[in-house]
Amino acid sequence: MKTQEVALHINGIRYEISVGRKFGQIPPSETLAETLRGRFSLTGTKIACNEGACGCCTVIIDGSAVASCMVLTVDCDGKRITTIEGLTDPKTGALDPIQQAFIDYYAFQCGYCTPGIIMAGKALLDKNRHPTRAQIQDALSGNFCRCISHYHVIDAIEHIAHEEVSAS
Ligand code: FES
Ligand code: FES
């Protein structure tokens with residue numbers, strides 16, 4: 001039987017992995033969240049509910065925010081995946097503006113939900129550079145924060161949207 005290969009583009013790097021049940025292979029039932037954390041040590045992607053309800057595992061796939069616990073890795077062949085680790089400039093280590101804004105606005109407490117919320121916000125800003133507060137709230141409607149940091153989160157993203165408006 002021919003081995004199925006899956007090509008993943010993760011944070012700008014292309015990986016080829018084989019699908020199967022032997023050691024080192026990815027089983028067909030493995031989720032992208034499990035693959036990112038367990039095989040690539042990209043543990044910034046968090047798993048909480050593991051059923052698509054909390055948004056902690058959100059990554060960007062081909063430009064859209066997606067709950068990676070609800071996606072099978074085998075279905076990501078050829079897709080471009082960005083995780084929270086991929087937002088930092090690889091050469092300078094500089095944070096993405098949205099990461100800096102979360103720090104400036106104290107937009108987290110325990111931080112467990114934070115990577116997923118940042119990735120949802122980043123996907124929104126990449127598509128719509130000047131979202132309204134209502135659009136930000138809508139884009140984050142699938143992300144839950146049990147520490148109730150949502151107001152600070154929305155303020156942080158709104159700050160970026162306004163900064164870009166005043167700079168343009
Ligand atoms: S862990 Fe994926 S949505 Fe909650
Ligand atoms: S900061 Fe704790 S869950 Fe959001």
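Biologist: Which residue takes a positive phi just after α1?
Modeller: Bear in mind that this is a predicted model, where local features need pLDDT of at least 70, side-chain atom pairs count only at pLDDT 80 or more, and totals for chains, interfaces and linings use all residues. Residues are numbered from 1 along each chain as its sequence is written, chains are lettered from A and ligands numbered from 1 in the order in which they are written, and side-chain values use heavy atoms, with hydrogens and water left out. Helices (H or I, at least four residues) and strands (E, at least two) are DSSP runs numbered from the N terminus. Helix α1 covers residues 32–40, and just after it a positive phi of about 55° is taken by S41.

Biologist: What covers the buried residues of α1?
Modeller: Buried means under 20% relative accessible area, with exposed over 50% and partly exposed in between (1.4 Å probe, protein chains only). In α1, that gives L32, A33, T35, L36 and F40. Their cover includes β1, β2, β3 and β5.

Biologist: What is the order of the strands in the open sheet?
Modeller: Two strands pair if DSSP finds at least two bridges between them. This sheet has 5 strands with mixed pairing. β2 and β4 each have a single partner strand and stand at the edges, so one side of each is left without a neighbour in the sheet. Put together, the order is β2-β1-β5-β3-β4.

Biologist: Which residue in the turn between β1 and β2 has a positive phi?
Modeller: β1 and β2 pair in the antiparallel sense over 7 bridges; for instance, L8 stands opposite Y15 and I10 opposite I13. The two strands form a hairpin with 2 residues between them. In that turn, the residue with a positive phi of about 50° is N11.

Biologist: And in β4, which residue is the bridge partner of I60?
Modeller: β3 and β4 run antiparallel, joined by 4 bridges. They form a hairpin too, with 2 residues between them and a positive phi of about 45° at D62 in the turn. The bridge partner of I60 is A65.

Biologist: Is T58 buried or exposed?
Modeller: T58 is in strand β3. Leaving aside its neighbours within four places in sequence, T58 is in contact (heavy atoms within 4.5 Å) with residues including A65, P115, M119 and N143. With a relative accessible area of 7%, T58 is buried.

Biologist: What angle does the direction of α3 make with that of β3?
Modeller: Axes are lines fitted to C-alpha atoms, for helices over the stretch in contact, and angles run from 0 to 180 degrees between N-to-C directions. α3 packs on the sheet, touching β3, β4 and β5. Its direction makes an angle with that of β3 of about 30°.
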